[in-house]
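Hi there,

Here is the structure I promised to pass on. Have a look at it first, and my notes follow below.

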Amino acid sequence: MNKFISFLLTILFISTVISAQGFKVKAAGTQTFNFEDQSGRNQASFFSATPLEDITGTGSAISGTVSFDVANFAKTLKGKISVKVSSINTGIELRNHHLQSANWLNAANYPEASFEIVSVSDVKQTADNKLEFKVKGNYSMHGVTKEVVANADATYLDENDQTKKRAPGDLLGVRAKFNINLSEYDVDNALVGNKVAEKIELSINMVGSNK
Amino acid sequence: MNQKQKRTLIIAAVIIVALLVIWIAFGGHIFTRTQVLIEKKDELFPDMVQKEWVNKFIWGLDLSLVLSVITIFIGSLLFYLFRDKKKIN
C-alpha cells in the first residue's frame, strides 16, 4: 500500500513539474517585460525570396509588453508586441517607399503590425533560464488579423552587473520565427516590378526589461 | 566608317564592358544599394543575432544598365555627328 501511495505521489510530482514549466531563476511571481527599446536593438525582420534577388528587411521601432508567472510560463504567458511599419528598412530607399505605400503595407492607414499571444505549447526547458516553445498568436498586418504559430525561445537573465549595462531590472531575450502568406493579408505581392514570394518569413529578436 | 566613328564605337564598347566588370566586381547584385546588412552577436544573449544596416555602396546591374544606355545614346549621337559629309555640287 505504501509503495502504491509513493508511486502515486511520484507520478503527481512528475506531472506537476511537466505541466508547470517555467524558468528556474531568482525571480518569482508574475513579471512584466517591456520591449520598447530606444536604441533600436530590438528588431522584427522579414525575408522574401524573389526571382531576381532575395529581400531582407528590418523594423526597429518595437513596442509592447509580455507578462508571465516565472514558475509557470506556458500557462500564464500573455502580451502583445508591435512594430511600426514606417521603421521597416530594406537597404534601398525606393523599395522602402514602395513597401510603405498604399499599394503595399499602407503605413498611413495601418501604421503597425502586431502579434498578440494566445497560447503556448510544446515547451522544452533547454537550460534553467531558457525555454523553447511554440506560441500561437493573432498576427495583424494591413488591417487583417490571422492566427499563426511561431517557433520561439526565451532566455531569462536575473539582474547582474552585465545586464545593468543594457537596462535596469531582469532581462528577457526572445526570439520567434513564423511564416505568413501575403495574399492572406490582402497584400499585392508586386513590388517595383518584381514578384515577391507569396510566403514571407518573419522573425523577431528582442530583449525586454521588467523595470 | 571613318576613324572617328571607329574610335567612338571602341570607346563605347570599352565603357560598357567596364560597367559589366564593375557590376561583377561588386558581387553581381541586381539592385544598387547604399546600405548593407551585417550581423552582430549579442554579448548578453549569445544565441541572438542582431542585424545592423551599415552605409556601403553596392553597384547593381540597374546602375550598369542605365549607364550603358546613356553610353549607347551618346555613342550613337557622336557616330552620327562624325559621319562623312559629302558635298553635293
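Predicted model: local features only at pLDDT ≥ 70, side-chain atom pairs only at ≥ 80, totals over all residues.

R7(B) is exposed, its relative accessible area being 53%. Together with K4(B), R83(B) and K85(B), R7(B) makes up a patch of positive charge on the surface.

Now to chain A. This chain has 4 helices and 13 strands, and 47% of its 211 residues count as buried. Of the contacts in chain A between residues at least 6 apart in sequence, 61% link residues at least 24 apart. The chain exposes about 10900 Å², with 53% of that coming from carbon and sulfur atoms.

- R33(B) and E53(A) pair up at 3.5 Å, N to O. R33(B) is in strand β1 (residues 33–41) of chain B and E53(A) in the loop between β2 (43–48) and β3 (55–59) of chain A, so this pair joins two chains. Both residues are buried.
- K130(A) and D47(B) bring their closest N and O atoms to 2.2 Å in a salt bridge. K130(A) belongs to strand β8 (residues 130–141) of chain A, while D47(B) is in the loop between β1 and β2 (49–58) of chain B, so here too the pair joins two chains. K130(A) counts as buried at 13% relative accessibility, whereas D47(B) is partly exposed at 41%.
- R166(A) and D42(B) form a salt bridge at 2.6 Å, N to O. R166(A) lies in helix α4 (residues 161–166) of chain A and D42(B) in the loop between β1 and β2 of chain B, so the pair joins two chains. R166(A) is partly exposed at 23%, but D42(B) is buried at 8%.

Best wishes

Technical notes. Residues numbered from 1 in each chain as written. Chains lettered and ligands numbered in written order. Heavy atoms only, no water. Patch = residues over 30% accessible without salt bridge, like charges linked within 9 Å, V, L, I, M, F, W, Y side chains within 5 Å. Areas by Shrake-Rupley, 256 points an atom, 1.4 Å probe, with all protein chains shown as cover. Salt bridge = Lys/Arg side-chain N within 4 Å of Asp/Glu carboxyl O. Lys, Arg positive; Asp, Glu negative; His and termini not counted. Charge placed at Lys NZ, Arg CZ, Asp CG, Glu CD. Buried < 20%, exposed > 50% of the residue type's maximum accessible area, 1.4 Å probe, protein only. Contact = heavy atoms within 4.5 Å.
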